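The following note sets out several points for a reader who is new to protein structure. Please keep the sequence and the model in view while reading.

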Amino acid sequence: MIVYLSLGSNLHPRHHYIDEACQQIEERCGEILHRSHDFYSMPQGYESNHEYLNICLKLRTDLSPIALLRLTQQIERELGRTVKNHYQDRTIDIDLIQAFDEQGQEIKVAANDLTLPHEKMQEREFVMIPLKECKD
């Protein structure tokens with residue numbers, strides 16, 4: 001399947017965390033077909049002076065959406081992410097945004113810990129701008 005991932009980091013060194021996450025995703029999850037340009041944004045949902053570095057990845061993977069979620073969460077933990085589902089500064093955040101099967105049909109998932117397509121993606125410029133670049 002083809003999956004679009006949104007990555008973000010707002011703790012120093014942001015570029016290191018993004019690059020390391022990309023390397024781990026490529027080694028463990030599948031082939032990165034496209035990486036968007038860097039997009040910078042201020043935190044949403046909480047107060048912080050630490051600006052986010054955001055990117056989007058287009059990934060080809062043989063993993064199921066749930067297996068991919070588990071692996072990306074493991075990568076987050078290995079890169080120092082200790083709390084998930086809480087708005088705060090973070091070393092790395094990896095979100096599954098959209099997934100498509102081999103025929104190009106969108107995959108929909110509604111599970112306790114994963115919703116595809118991501119339910120808040122349309123509200124987030126830091127997701128939509130890099131995502132559009134990966135889809136063009």
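**Notes on the predicted model**

1. Cys22 is a buried residue, with a relative accessible area of 6%. The structure is a predicted model, and it holds zero disulfides. Cys22 is accordingly in no disulfide, and the nearest cysteine sulfur, that of Cys134, is 9.9 Å away.

2. Cys29 is likewise buried, and its relative accessible area is 6%. A disulfide would require the two sulfur atoms to be within 2.5 Å.

3. Helix H3 spans residues 125-135, and its buried residues are Phe126, Val127, Pro130, Leu131 and Cys134. These residues lie on the same side of H3 because they cover an arc of only 110° around the axis. Glu125 and Lys132, on the other side of H3, are exposed.

4. Against which elements do the buried residues of H3 pack? Their partners are five strands: E1 (2-9), E2 (31-35), E3 (39-41), E4 (52-60) and E5 (93-100).

5. The largest nonpolar core has 27 residues, of which Leu5, Leu7, Ile25, Leu57 and Leu96 touch the most other members. Two or more residues come from each of E1, helix H1 (14-28), E4, helix H2 (65-78) and E5. H1 gives the most to this core, namely five residues. In soluble globular proteins, nonpolar side chains tend to be buried together.

6. Leu5 may be examined in detail. With its neighbours within four places in sequence left aside, Leu5 is in contact with Ile25, Ile55, Cys56, Leu57, Leu59, Leu68, Asp95, Leu96 and Ile97. There is also a second, separate core of 11 residues, and Ile2, Tyr4, Cys56 and Ile97 are among them.

7. The salt bridges number 10. In one of these, the side chains of Glu31 and Arg60 meet, with an N to O distance of 3.2 Å. Glu31 belongs to strand E2 and Arg60 to strand E4, so this pair ties together parts that are 29 residues apart in sequence. Glu31 is partly exposed, at 41% relative accessibility, and Arg60 is also partly exposed, with a relative accessible area of 42%. In general terms, side chains of opposite charge can pair when their charged atoms come close.

8. Asp93 and Arg81 form another salt bridge, in which the closest N and O atoms are 2.8 Å apart. Since Asp93 lies in strand E5 and Arg81 in the loop between H2 and E5, the pair ties together parts that are 12 residues apart in sequence. Are these two partners buried or exposed? Asp93 is buried, at a relative accessible area of 13%, and Arg81 is buried, at 7%.

9. Glu106 and Lys108 also meet through their side chains in a salt bridge, at 3.6 Å from N to O. Glu106 is partly exposed, with a relative accessible area of 30%, whereas Lys108 counts as exposed at 61% relative accessibility. Elsewhere, salt bridges that share partners join Glu76, Arg81, Arg90 and Asp93 into one network.

10. His118 is found in the loop between strand E7 (115-116) and H3. At 18% relative accessibility, His118 counts as buried, because the cut-off for that class is under 20%. A polar atom of the His118 side chain lies 3.1 Å from the backbone nitrogen of Lys120. Apart from residues up to four places away in sequence, His118 touches Asp95, Leu96, Ile97 and Arg124.

11. The bond from His12 to Pro13 is cis, with omega near -5°, and Pro13 lies in the loop between E1 and H1. Leu116 and Pro117 are also joined by a cis peptide bond, for which omega is about -5°. Pro117 is located in the loop between E7 and H3.

Technical notes: Residues are numbered from 1 along each chain as its sequence is written. This is a predicted model: local features need pLDDT of at least 70, side-chain atom pairs count only at pLDDT 80 or more; totals for chains, interfaces and linings use all residues. Side-chain values use heavy atoms; hydrogens and water are left out. Buried means under 20% relative accessible area, exposed over 50%, partly exposed in between (1.4 Å probe, protein chains only). Helices (H or I, at least four residues) and strands (E, at least two) are DSSP runs, numbered from the N terminus. The arc is that of the directions from the helix axis to the C-beta atoms. Contact means heavy atoms within 4.5 Å. A nonpolar core is a set of buried Ala, Val, Leu, Ile, Met, Phe, Trp, Tyr and Cys residues joined through side-chain atoms within 4.5 Å. A salt bridge is a side-chain nitrogen of Lys or Arg within 4 Å of a carboxyl oxygen of Asp or Glu. A polar contact is a pair of N or O atoms within 3.5 Å; within protein, one must be able to donate a hydrogen and the other to accept it, and residues adjacent in sequence count only if both atoms are side-chain atoms.
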